[in-house]
Structure formats: structure tokens, C-alpha cells
Amino acid sequence: MIREYTSDCVHCGFCLPTCPTYVLWREEMDSPRGRIHLMDARLDGTIALNATVAQHFDRCLGCMACLSSCPSGVRYDRLIESTRAAVEQELERPLGDRVVRGLLFRVLPYPGRMRAALRLAPIGRAAPLPRRFRPLVEIAPRWRGRGVVPAHTPAAGEPRARVGLLTGCVQSAVFPDVNAATARVLAADGYEVVAPPQGCCGALSVHAGRDEEGKAFARRLLNVFDDADYVVVNASGCGSHLKELGWLLGDERAEALAAKVRDVGELLAETSPRAPRHPLPLKVALQDSCHLRHAQRLPLSAARALARIPGLEVVEPAEQDLCCGSAGIYNVTQADAARELGERKAAHVLATGAQAYASANPGCLVQVSNALRRAKRPLPALHPIELVDASIRNTGAGRLLSSARR
């Protein structure tokens, strides 16, 4: 399978200026083109899959900016996921790496464990932890999300459709208020919303090369949303993963679920609003998430829904195509590169002069919020759906900002 995709690459170099690690280091092997060379060489047997080679694959953020810039349509997303799975199967990582990765995947996909870990994070920040473990506590958000999503939220008026809401693992532990806002907005605009019990979708595992673990998580979702017309996702990494389930699992039920998946901004853009939007006089910097902009090909998917809010001014930070450095577990396993990219993105957000920062992905919100805090210029961090919700509920800009996470 890998060879089938690598042969599409003509080594033109259009991907180079869009790749965050190439932009940082100007190293050919840390570009998509260079990594494809390494993939071919491994298949040819001219190089071994050792720690040096694996490091170049580990340094890839999986941001998929190369998908948008490639004129040949190379499926780098499938290439890097397949290669990372091979790395995890064939390479014995150092003990410290195994401990960190093992800890992450025993906590992140499980909301209850994650909430417990977040309560312990302040103790960890004050403790003299080894350097390898410090990113685990440094990236932990300082806020505590609050919000409950009912199992069933009836539509206002005649239902347009029945929507299943993916509540997620990180999203439900760190941003339950985003899930609650999503259900309210969809119901107000005429969708019946169901949020059945569910687990992790498997995106974090698959993106890190833990294929079998990720597939097991994904298979559990196949029965959950059988009676839904759409499956709505408000975490873009999860959305791009679920839209690829047919390829990942290779069966018709997975294809059927994938065909139902919609990013919440994507669905709202296709929907004529029912609920009136009240003025929200506010200037917001909207950072596009990589998995919306590149993997799902939905640049600024929330823009149309936000444009319906009177008084809201949406501005774009510079370098929208460049990743903020969050990228799943990247800001733990490649902390220095992630920190540099996060601070670069935060500087662009501040340059807009916005009163708040918004992104449609939980990792981006955590990553850039931390970078803004390090710069001693924290901004309220919001998911775009929270702006729509505030407009429908007539919350007002002042109250919204005062209650927003920082």
C-alpha cells in the first residue's frame, strides 16, 4: 500500500514551504518529499528503520498542509499513518519514550482519567519533574470546563434531521461547554440532537501509529450512531479521522458512518438559520485548524456561520497554512518544535489586535492559549460554535469574554 502512494510523488518541492518542520529547520528529510524518499528507501531495503530514520517520521506533525499544496494529489495522510504504524511495530523505542507514550494513551482516550490527571497537574507543575515529563504538565489547561450534554435535545420546531453528536474524549473532558453549546445551537436551528454513551473515536491512536488500538475504538462507534442522519463533530482531528473510516476499517458499515460525518461548521454553512442571531460586538482572531483546512479541505468552515452574527468582526492571523504545533500528542513528544510553532502562531494572533481567539479544534485552543500565557498576553479562547451560541442566547460580548477560558 505504501509503495502505491509513494509512486505518485514527483518530488517537485511544492510541499516544502508549507511544511512546518521544513520551515523551522530547512532539512530535506524533515519535509514531506524527504520523508517519502525515506519511505521508498525503507521499502527498497537501502536503509533500515532505525532511531535516526524514525525520528524524521516522528517530527512530522501530520498537519497535512502538504495535501493542499501537492499538485500530484499524493495521499501523504495515508502514507504517514501507515509508516507510523510500521515504526510502532518494528522499532523498540527507548524506555523513557515508551513510558511517556504509554502514559498518554492510558489517559487521553478516557475522559474520567483525564479529568483526574488535570486535577493533579498543578502539583506536577510545582514538582521537580524530569525534562521528558515536564510537557505533560505544562500543556495541561488551567481552566475547568463545565457543561452537560443531554442524551436527547429536541429540535426547535419541525426537525430537519436527527443528528448524533460526537462528544469525544479530550473534548468531553476539557471542553464539555463546547459540546453543550453545539447541542444548543443545532437544536435551535432545527436539528434533533442525540448524544448517546460513546468512547474515544480512535483518532489520537491512529495518528500516532497505534493502528489496532485506534481501529478498536473506531469499531465501537459503528453501532452508536446507526439511527442518526448525520454525525456532527466539533473537533477537527476527530472529523478527518472519521471521514476516513471506510479506508481505515475497510467495510461497508464504516463507509456508511463516514458518509454521515459533518464538521459542525460545515453543517451550519449548509443550513439556513432558524434562531435569530443577536449582536455580538467583538473582534475575534479565527485560527484555522489544520485538519479542517488541509485534511478535510474545509478552510474556515465556521466563517459562514460567524458571518451571520451582527457586529462580529472576524480576522485571520498570518500564516494560516502553518500548524500551531499541537498535533495530537506532538506537543508532548516533540515539545521544543511545538513550543516554537505555538509561539509563532500566538504572535500572529496578537498582531491582529483581536479581543479573543477562536479555533475549531481543542488541541489548537490549548496550544495557543498556553503560548499566549507565556507571552503574558492571554486572550479568551473560544470555539466558533460558542460565538454562535452566545449570539443566539443574547449573552453579550462582555459576559462572554469574562466567562471564557484563558
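Predicted model: local features only at pLDDT ≥ 70, side-chain atom pairs only at ≥ 80, totals over all residues.
I found an open sheet of five strands in the order β1-β3-β2-β4-β5, and its pairing is mixed. I noted β1 (152–153) and β5 (261–263) as the edge strands, since each of them pairs on one side only.

I then looked at one pair inside the sheet. Strand β2 (residues 161–165) runs parallel to strand β4 (residues 230–233), and three bridges join the two. In this pairing I found glycine 164 opposite valine 231 of β4.

**Helices on the sheet.** I looked up what lies against the strands. Helix α14 (residues 236–243) packs on the sheet and touches β4 and β5. I read an angle of about 155 degrees between the direction of α14 and that of β5. Helix α11 (residues 176–188) lies across β1, β2, β3 (191–194) and β4. Against β3, I have α11 running at about 150 degrees.

**A helix pair.** Next I checked helix α21 (residues 335–351) against helix α22 (residues 362–374). Their axes come within 8 Å and cross at roughly 75 degrees.

From α21 they are Ala338, Arg339, Gly342, Glu343, Lys345, Ala346, Val349 and Leu350. From α22 they are Gln367, Val368, Ala371, Leu372 and Arg374. Sorted by class, the contact of α21 with α22 has seven nonpolar, four charged and two polar residues.

The largest cavity holds about 150 Å³. I counted 17 residues lining the largest cavity, and the closest to its centre are Cys9, Cys15, Ile36, Cys70 and Val74. Which helix gives the most to this lining? I found helix α3 (residues 32–44), with three residues. The classes in the lining of the largest cavity are twelve nonpolar, three polar and two charged residues.

**Backbone angles.** Last, I looked up two loop residues. Arginine 297 sits in the loop between α18 (290–295) and α19 (303–307). Its phi is near 55 degrees, which I marked as a positive value in a residue other than glycine. Asparagine 394 belongs to the loop between α23 (384–393) and α24 (397–403). For asparagine 394 I have phi near 60 degrees, again a positive value in a residue other than glycine.

Methods
Residues numbered from 1 in each chain as written. Heavy atoms only, no water. 1 Å grid on protein atoms, 1.4 Å probe; cavity = no way out; pocket = protein on both sides within 12 Å on 5 of 7 lines; lining within 4 Å. Points joined across faces, edges and corners; volume = space filled by probe spheres on them. Helix = DSSP H or I, 4+ residues; strand = E, 2+ residues; numbered from the N terminus. Nonpolar A, V, L, I, M, F, W, Y, C, P; charged D, E, K, R; others polar. Axes fitted to C-alpha atoms, helices over the stretch in contact; angles between N-to-C directions. Contact = heavy atoms within 4.5 Å. Pairing = 2+ DSSP bridges.
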